[in-house]
Amino acid sequence: MLIYTLRRILIMIPILVMISIVVFALAIAMPGDALSGQIDPTSSNPEYIEEMRERLGLNDPYHVQYGRWVAGILQWDFGRSFVHRMDVTEVIGQRLPNTILLSVMSLIITYILAFLMGRYAGRNPYTIGDYSIQGLNYLMLAIPSFVAAIFAIFIFSFQLGWFPATGSISSGVTPGTLEYYLSRIKHAALPALVLGALTTASYTQFLRNDIIESSQKDYVRTARAKGTSENRIYNKHILRNSIIPIVTLFGFDIASIIGGAVIIETVFTYPGIGQLLITSIERRDSAVVITITLMLSISTLIGNLIADLVYGIVDPRIRVE
Amino acid sequence: MIMNYFKHIIKGMNNLKKSHLMFIVMLLSISLIVACGTTDEGTNEGTNDQTGEAEEGGVVTYGFGQSFAGVLDWAHYDGQDDSLALKIFNGDALVRNGDDLMPEPHLASWDISEDGYTITFYLEEGVMWHNGEEFTSEDVAFAWEVMTHPEYTGPRWSNVRIIEGAQERRSGEAEELTGVNIIDPYTIEVTVKHHETGEPLPNAIDLLWTYPMPKAHLGHLDIDEIEDADEVRRNPVGLGAYKVDNIVPGEQITFSAFEDYWRGAPNLDGVVYRIVDGSMAADLLINGEIDIYELPASQAVTVQHDDRIYLEEKEGLSYSYIGFKLGHWDGEKNVMDNPKFADVRVRQAFAYAIDREGMLNSFSEGYGTVINAAESILSWAYPDESSLNQYEFDPTRAAELLDEAGYVDSNNDGWRDTPDGEEFTVNFMAMNSNEISEPRATFIVQNLQDVGINARLQDGQLYDFNLFYDLVEEDHPDIDLFMGAWGLSADPDPTGLWREDDLWNYPRWVNEESERLIEQGLSLEAFDIDYRRDVYQQWHQLVNEELPLIPLNSPVRVYGIASDVQGVTPDVSDALTDPHLWYRTN
């Protein structure tokens, strides 16, 4: 197990190098740079723009820029955001807590919904209840998230007024108070609900199918033959086994916890990583774009690693030596 | 309507580009707002001009659609995202612009010496900064010293390079800024001259940097650290009607009333500056989440009869245009060598062929004014329209001019050809800035095709903002015609966009007469405002005749304001003039 883990970690290094090259090349390939939009005669002039390009090193050959960038990263220096005029680590640091709050809430919502629906559908397969749950799942899978987001804002914010439509915090609350944390949660609730509800489908189906499959297994038949109650069979014997594959999916969710939801965050003007990525692409803030993309790639790699390892732990049969 | 949703959704799913997704999101939300607006139709008899005593108390939320960087210092900020916040807590400069964009005394009055070189400012006394310090001439000098320092990191060097000794200080040759002379705490003298020619400048007050900088608050910092310092980003100090309470980075800033404000304590308890999704702005206004927002025309029309909102309009300080590529930039100056539009009759024919009024009505809901001069219609220097050729939409006249110039269909393919019998094709390039960009560009192309010009959108698509200006700036050989826009400063001097050695002279138009007039506009005689106005009148007539670009319109900015918020003055770039006069009626 240890050797397996080490090997998995070592193999990540060349992948990371390749990712860094691709990410950097893509950022370079974006037309224009942060300065090409600054042609405002009222507050700037061509000399200033040329001077800034020189100072930021945008005129250097690409390999020099890449070398400088990698050298910086090794010293935990991800460069400076031209648009936000501060270090990239600080820009991302300001947004990351929002995104993590949103993602964790949406994951909790997903898990709860998927657990309840999957359990019910698995226990009563091929009934009206099961078909309605499946229908609902496919509907949610089919609705694009931005459409759902706009309808949610329209209904819950504008018509009913239950949730705020934008932002991550109300004005005038003091950081650190209970009111502050409640306000944070209230602002994250609606985007989290949309995000969470739309992704339940795969989890629900996973759980449902596994429960149906397990319920035909020999050990279940044995339990039934011994006269164990149906509730006990489903809750103890089947559910515990069926949750295992779901638990491993958590590894894959790590990337989404950090990456947030680009579209949902943008529609809700929720200041998280996803929204930052979009605005940075629009404004050619390449230092931020590169760093976020790299961060997402790394967290996907780590998520996969964790998924593999957790799988080995919860299911000894597939442990690789 | 429902069918439309699905069309958009299907289109969206076929198209993986995020920008298109966002575009659809905007479309959808606009449709929703339309839907919502119609339900309110029944109650639209609201009177919006509630009069009454200015009441005390309350908080007003000013919304904006793009997250702010948080550089809360005038000398270092970069975009409107930060300048809006700055105007709330530190909006006062020595000079402000009046209704006709003429400079007026504000924090200071001034004298200009006989020779035109020296300006003496007489500051208001008893003006206080939020940290309890008094505002003095030290603070004015401090701003100029920071901006001329070799380590200065902000973008506004061009506003101080006219001060005598600025170049020397910036290059490190001199320690002192020789052109600045503090006479007493309320009087300061500054010597200015043209940064290249050394001549006196009639527009020096407009060019010069007049925002003071709190020396007691920032003086202890290294110059290259100011931009990042907590003194700027977390607890900035200003002298405006509201002081900064709390900053949530990129999202909102809360301000509270500053009772010692020099023009009187504000009516409100506080102001909130808040970033929201611009495509939902109208609904957020109705919902009360924001109180003031600059609405896009497409949203403004949907709420103009809603009694929970009233709209205020004001001409913006900008104009849009269609430019002809007449030459190229050779690295140092513009060279006019492209034969395509060399015949002025062809350029004029294009102007007659394009229905500018129709464009405004179809795509901007009529919010805007068709102009024939490349200047803000608010400006004191805007020429007399009656002296300009109006180029009213007239396809027949356009066809006549093209015939006259020899552009006729010589090979019977349905399109006009050049006088030499070669194919005459026109590539039109436009940028993709909002939901009206594409239909508007198609409209223009159609107008040109209607008079027999083989015009088409370059590569059949619109260009992203950055790419557009990169290609226009490098004179990409495929560009014949391009549609752009310029923001304007209060001063009407065309230098920067129109001279032979200006990189941003995108049409690459070079004209001796124009050079001469622009120089005259900055000459010693131009200290006489009537002389200067006359020079610009002549210059605009010349441009109007030569037509290196077709001015389209000067936009009207529309501000949506919650009906219980009063005292708001809309202005050329925002509605933040005199926020201490705002009040709530409930």
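**Entry 1: a loop in chain B.** I began with L101(B), which sits in the loop between β2 (95-97) and β3 (103-105) of chain B. This is a predicted model, so I am reading computed values throughout. I looked up the backbone angle phi of L101(B) and found a value near 70°, which is positive although the residue is not glycine. Is L101(B) buried or exposed? I counted 22 other C-beta atoms within 10 Å, and the cut-off for buried is 20 or more, so L101(B) is buried.

**Entry 2: a loop in chain A.** Next I turned to T269(A), in the loop between α11 (262-267) and α12 (273-282) of chain A. T269(A) is another residue other than glycine with a positive phi, here near 45°. With 24 other C-beta atoms within 10 Å, T269(A) is buried.

**Entry 3: M431(B) and its surroundings.** I went back to chain B for M431(B), which lies in the loop between β17 (425-430) and α14 (437-450). M431(B) has 21 other C-beta atoms within 10 Å, so I noted it as buried. Which residues does M431(B) touch, leaving aside those up to four places away in sequence? I listed S437(B), L462(B), Y463(B), D464(B), F465(B) and F468(B). I also checked M431(B) against D184(B): they are 247 residues apart in sequence, and their C-alpha atoms are 52 Å apart in space.

**Entry 4: two helices of chain B.** Two packed helices are described by the angle between their axes and the distance between the axes. I looked up both for α11 (residues 344-353) and α13 (residues 395-404) of chain B: the axes come within 8 Å and cross at roughly 165°. The cut-off for roughly antiparallel is over 145 degrees, so α11(B) is roughly antiparallel to α13(B). The crossing of the pair is left-handed. On the α11(B) side, I found R345(B), V346(B), Q348(B), A349(B), Y352(B) and A353(B) in the contact. On the α13(B) side, I found P395(B), R397(B), A398(B), L401(B), L402(B) and E404(B). Sorted by class, the contact has eight nonpolar residues, one polar and three charged.

**Entry 5: two helices of chain A.** Which residues meet here? From α4(A) I noted V88(A), V91(A) and I92(A), and from α13(A) I noted A287(A), V288(A), T291(A) and I292(A). Six residues of this contact are nonpolar, one is polar and none is charged.

**Entry 6: more on α13(A).** I stayed with α13(A) to look up its span. Its 29 residues reach 41 Å from the first C-alpha to the last, close to the 42 Å expected at 1.5 Å a residue. Its buried residues are S286(A), A287(A), V288(A), V289(A), I290(A), T291(A), I292(A), T293(A) and L296(A).

**Entry 7: chain A as a whole.** Last, I stepped back to chain A, where I found 13 helices and two strands. Its C-alpha atoms fill a box of roughly 85 × 55 × 40 Å along the principal axes. Chain A has 321 residues, and 33% of them count as buried. Of the chain A contacts with a separation of 6 or more, 71% join residues 24 or more positions apart.

Note on methods
Residues numbered from 1 in each chain as written. Chains lettered and ligands numbered in written order. Predicted model: local features only at pLDDT ≥ 70, side-chain atom pairs only at ≥ 80, totals over all residues. Contact = placed C-beta atoms within 7 Å. Helix = DSSP H or I, 4+ residues; strand = E, 2+ residues; numbered from the N terminus. Nonpolar A, V, L, I, M, F, W, Y, C, P; charged D, E, K, R; others polar. Expected span 1.5 Å × (residues − 1). Buried ≥ 20, exposed ≤ 12 C-beta atoms within 10 Å, placed from the backbone. Axes fitted to C-alpha atoms, helices over the stretch in contact; angles between N-to-C directions. Parallel < 35°, antiparallel > 145°, perpendicular 65-115°, else oblique. Left-handed = near helix turned anticlockwise from the far one by under 90°.
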